[in-house]
Amino acid sequence: MSAPAVQTANSAESAFRGSFNARTMSMRINGALFTLPAIVLVALVMVLPLFQAAYYSFTNWNGAHANWTGWTNYLNMLYDPELRRSLINSLCFFASVPFGLVPPFIVAYLLHKNIPGNKLFRALIFAPTALSWVVIGMVGRQFFALKGPLSAVVSLFGIPAPNWLADSNFALIAVIFTYNAAIFGINTVIFLTGLATVDRSTIEAAWLDGANELQVIRYVILPAMRRFVEFVLIVTVINSANGIFAMIYTMTGGGPGSATLTLEFAVWRRAFATGCFGAGAAIGITLMIVTLVAVALIRLLLKNRGEA
Amino acid sequence: MHIWVKSAVLAATMLVAPSLPAFADDIQLTMWGQGDCPPDTCMGAALVDAFNKANPGIKVNLIQQPTDGYFTNLLAQSVIGRGPDIASMWAGGYMDQFKTYMVDLHKYIGDDILDTVNGIDFFSDGYNHKNAVYAAPNTAQWYIGYYNKKVFKDAGIDKVPTTWDELAADSKLLKDKGYIPIVQGAVDGGAAFAPWEDWSYIATALPPGDWGKMLSGQMPYNNPTLVTALTKWNQLFKDGYFNADAYNSPTALQDFIGGKAGMYLGGGSWQAGNLVKAMGDDVGIIVPPYSDTPTKAAVSFAGGGYAVMNYSKNVDAAGKFAAWVLSDEGQKVIAQYDAPTRPGFPNNNPLLNDMATLSGTAGTVNYPMFDNFTQAPVTDALQRNVPQALVGQMSPADVLASMDAAYASLPDDQKKPISFAK
């Protein structure tokens, strides 16, 4: 190739590159402009309040006036037995998460096998998902009432039923049970969706290789559904930490005493029932950190398992 | 015009539109009431209707809020300036936290009226209505118990008990006859029963002066007198004289009205209208006999009031409503439902008249409602823990210690001496 020809080719290439770069830049700017409203919105309704809450957690804000108090609100939390109890209760909710995962998975697996009445069961299981947490709390309250169905069943065996929600030995268990029952439907549906994505030929190959049902679930289905399991796990944990205030409020009001008080509920109680908004903000920030740590641990655990 | 210019104009219009004033003829006001308000017994709704008719050009819209958490919700909305124009208010400690959000009503109500209003001092700065007045009281109220005369007669009880011992003896008679002697429960829709009424009468074991000392931190709540009183209260539960689900029964009031129970001791004058309507002459008032000697106590206080919030965009119109409540017209409407706060407007509810007679009887020691003076954290401890003392989930000493701890946690500026002097 002669020198002028090479020069022509180079200049065409650089012209093309220039045009490509200009288009790429233009697309990037357009992209940024299109996402700008969403970014501004998220910043206004989430990021800004978060920073505000973080600031107020270092003050004695009472709704009207705020003075800087440093770490006082956080240090007070360490010595507050009620908050220690609420932290333990929140951790109990976290610990109960397997109960919100395993039964839905089993039911989803059974439904996926096309048992008779499959579609009806799907509808019945999913229907309660449309209920608000307030309604779920009211149903739970009736279910666990001294004159409610659970007590009636217990009495059939000649055992005097306790007043479940008024007894600090049972109230937390009752509330946790209600929460896991409430998320049963949505988790089942997510698992059903996940099961539909598993490659059928892989399962059949495992059958041919002589794997039994449990082995197929453990070594084929669950690894293939890892993303779904992770999603359900994280959503369930986050919900248990941040999404059930209304249910607890309706069922027990956080009582008796602090028996069903969670960190989420403590934010409300501290801020609004006692007027200590700064202390409430500190509990809120702590709750956020606890939740983020829990989610990070779950992701780490599942990542290690996936790699193993 | 470029499309983005059109879009920008449209977007700006959409953003600004909500903040433009409504071009309606009426001034629209929002008023928050508390709890259920059945159409035929709702005093607040009747007041609003009568005011709207008497004041064309102003329209008050009544919105009932749940009693449970009412003040926390009001505070949350007030902090961001989004609360109602007019708010149902309770006096004392409940009101103190809203002082920065309420208007002084002197601008709308003359001293000639204010001087005649019973309980106005409790809604005023420093308990003196010559200072700022924050709410127009709508009723005089009592904490009071009720008993079913028919059930008492059936159990062979011819007079109401006046001491702990008599209460236990009568409860036994009622229980033996198959009645629930004393019914209690979450009657206002909350998750547990509110202990305000019971607690006030339990605390009458101490004289009013000692109430002031406890509220001011000069005397511990955890004292032998109150420990003994709470222990006796718990003993009634242990003996089966309360319903087993007293802590959170959702049907307590229905059980009383339905004749299943002899006494409902955690009530108040605001229930008198409904009870007379449902039970007729069978219902009577009873002072909760939480006393070693025949009780002489009566717990009464200014009832609710209507406060005008200073973040309202129509403060003057809202002030007009507050003034109207205390006018002759407003008092006549109140008298149809409850006990008005100005003299000369009698009502025809025999129970309310009995309560007024009780308070006016020589020898009666009139106490205010205790929880109207407790500081927010103490109120919180009281609300959560006193019901547990009844059902034996917490020892009386622990309950009272939790109230002392709540007081100790107060910032210094809230540890002020409290007295009930007018």
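I started with chain B and found that the centres of domain 1 and domain 2 of chain B are 30 Å apart, taken over C-alpha atoms; the domain bounds come from an automatic or database domain assignment. This is a predicted model, where local features need pLDDT of at least 70, side-chain atom pairs count only at pLDDT 80 or more, and totals for chains, interfaces and linings use all residues. Residues are numbered from 1 along each chain as its sequence is written, while chains are lettered from A and ligands numbered from 1 in the order written.

Next I looked up the bounds: domain 1 of chain B is 3-140 + 302-352, and domain 2 is 141-301 + 356-414. Their contact takes 23 residues from domain 1 and 22 residues from domain 2 (contact: C-beta atoms, placed from the backbone, within 7 Å).

Then I turned to the two chains. I see 20 residues of chain A in contact with 23 residues of chain B. On the chain A side, α13 (245-251) and α14 (263-273) each give two or more residues (helices are DSSP runs of H or I, at least four residues, numbered from the N terminus). The largest share, 3 residues, comes from α14(A).

Last, I checked α8(A). Its 12 residues (171-182) should span 16 Å at 1.5 Å a residue, and the end C-alpha atoms are 17 Å apart, which agrees; the expected span is 1.5 Å times one less than the number of residues. I noted 9 of the 12 residues of α8(A) as buried (20 or more other C-beta atoms within 10 Å of a residue's own, placed from the backbone). Among them are Leu172(A), Ile176(A) and Tyr179(A).

Notes: Two residues are in contact if their C-beta atoms, placed from the backbone, lie within 7 Å.
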